[in-house]
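Biologist: I've got a model on my screen and I'd like to learn how to read it. Could you walk me through it, feature by feature?

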Amino acid sequence: MTVSDAKPRYGGARRGLPDWADVAGSTNPGVPLLPLELELSLLSDSTDADRAEIAVEAGVRKLENLLRSAQALDRMVSLSVLLAGLQGCSFDEAALLIGREPPILEKFVRGEATVPERVMNRVRRLDEVLRNLHKVLEPTATAKWLRTSIPSLGNESPLNAISKGNLRKVEELTRGYCAPVVHS
Amino acid sequence: MTYNLEDQDLWREAETILLHRVVQDDADYDPDDPFQSVSGRFSNGTRWVIYLAEEAEGALAEWLRWHPEFLDLQDELRVHIFQVRVDVKARSLDVRTGEQAALSSFPFHRLVSNDEDESIRYQECRALADDCDANGGGGIRSPSAADPWFLHCNFTLFGEKGGSWISRGFIEVPRPTISRDSVRHFSS
């Protein structure tokens with residue numbers, strides 16, 4: 001039995017409630033869970049255990065889908081926030097920082113592909129770099145800084161250093177920006 | 001004791017003084033907060049210290065010496081300069097000039113040493129700080145190694161706030177713009 005087969009038999013719509021299978025199947029992560037809970041409480045009165053089990057399984061599956069959708073959305077938002085912080089940078093430069101080709105990055109931004117955890121890890125690290133940088137520099141100067149050669153990076157720019165796999169050095173550099181000044 | 005600090009002319013009596021410090025935007029410490037620094041000329045992690053400069057330019061030069069990438073981005077900087085009013089209750093060691101340093105056995109050029117290796121660069125100055133401590137000194141007034149001409153001076157205070165020095169408050173002052181030539185680079 002499929003979920004769509006089961007729908008009329010539970011009669012959520014007949015009772016004036018949202019049809020819970022439709023709700024759980026929605027890709028909109030903003031849909032509240034209350035209708036599902038109501039429907040389950042109605043099912044608990046039913047004597048048909050099979051129908052209840054099917055309904056619960058379908059509900060769990062739909063909840064998992066919801067969770068995945070929410071997670072994907074959260075990742076897309078995190079990526080978008082990071083990109084917004086890269087003021088003055090070209091899309092190609094942003095892709096270089098993220099470590100993905102521009103067309104792939106575009107798919108992430110458009111929500112056509114889920115941002116993988118490996119990329120998310122890099123997004124979080126870059127986010128910390130920007131947060132620390134922006135404690136000492138206006139965000140509008142971010143691109144200038146990314147292109148400036150820096151002695152402690154071996155006279156590389158942060159952009160080049162990151163693209164060559166030296167994100168850790170850039171993280172250390174920007175953490176140093178936030179430390180209380182000591183005299184040299 | 002590594003250095004001879006017996007000459008009383010090396011010491012300044014208790015005083016109230018205005019000093020300067022660079023503080024980042026939204027910093028999680030106050031402009032008059034000392035900390036247990038593990039780096040820096042007069043600190044090795046064993047004592048509380050606060051590094052202050054006599055002038056705002058000197059304070060900024062010290063910060064830009066560490067971060068020269070911002071020399072050409074000064075208009076867009078978000079760091080602030082605070083003027084801190086300090087009551088120095090203990091006497092302090094004054095080696096701001098060659099003449100003053102000559103009163104001790106401390107070689108003046110080592111106050112502005114520039115060796116690439118930090119452990120070598122600060123070796124004598126950290127020993128001097130230990131000696132200052134042992135002589136009841138609350139801090140050291142010295143030339144700024146960040147100033148190519150050593151005209152700007154710093155006041156490094158030891159101990160926690162309320163100990164051998166008291167903060168009388170702080171205000172933000174305008175941040176100057178300094179030229180690239182006004183900052184001495186490492187190993188130059």
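This is a predicted model: local features need pLDDT of at least 70, side-chain atom pairs count only at pLDDT 80 or more; totals for chains, interfaces and linings use all residues.

Biologist: How many helices and strands does chain B have, and in what order do they run?

Modeller: Chain B has four helices and eight strands. Starting at the N terminus, the order is β-β-β-α-β-β-α-α-α-β-β-β.

Biologist: What radius of gyration would a compact globule of 188 residues have, and what does chain B have?

Modeller: The idea is to set the chain against a rule for globules. For 188 residues the rule gives a radius of gyration near 16 Å, and chain B has 16 Å, so the two agree. Its C-alpha trace spans about 45 × 35 × 25 Å along the principal axes.

Biologist: Next, the inside. What share of chain B is buried?

Modeller: Of its 188 residues, 43% are buried. As a general idea, nonpolar side chains in soluble globular proteins tend to be buried together. Here, the largest nonpolar core has 72 residues, and the members touching the most others are Val22(B), Leu52(B), Leu60(B), Trp63(B) and Leu157(B). Helix H1 of chain B, residues 56-66, gives the largest share of this core, with seven residues.

Biologist: Which residues does Leu60(B) touch, if I skip those up to four places away in sequence?

Modeller: Leu60(B) then touches Val22(B), Ile81(B), Arg175(B), Pro176(B) and Ile178(B).

Biologist: And where the chains meet, how many residues are in contact?

Modeller: On chain B there are 29, in contact with 18 of chain A. Strand S2 (15-23), H1 and strand S7 (153-158) of chain B each supply at least two residues to that side, and H1(B) gives the most, with four. By type, the chain B side divides into 12 nonpolar, eight polar and nine charged residues.

Biologist: Last one: what confidence does the predictor give?

Modeller: For the complex, an ipTM of 0.91 and a pTM of 0.81. Chain B has a mean pLDDT of 94, with 99% of its residues at 70 or more.

Terms used. Residues are numbered from 1 along each chain as its sequence is written. Chains are lettered from A and ligands numbered from 1 in the order in which they are written. A nonpolar core is a set of buried Ala, Val, Leu, Ile, Met, Phe, Trp, Tyr and Cys residues joined through C-beta atoms within 7 Å. A residue is buried if 20 or more other C-beta atoms lie within 10 Å of its own, exposed if 12 or fewer, and partly exposed in between; C-beta atoms are placed from the backbone. Two residues are in contact if their C-beta atoms, placed from the backbone, lie within 7 Å. Ala, Val, Leu, Ile, Met, Phe, Trp, Tyr, Cys and Pro count as nonpolar, Asp, Glu, Lys and Arg as charged, and the others, Gly among them, as polar. pLDDT is the predictor's confidence in each residue, from 0 to 100. The radius of gyration is taken over C-alpha atoms; the globule rule is 2.2 Å times the number of residues to the power 0.38.
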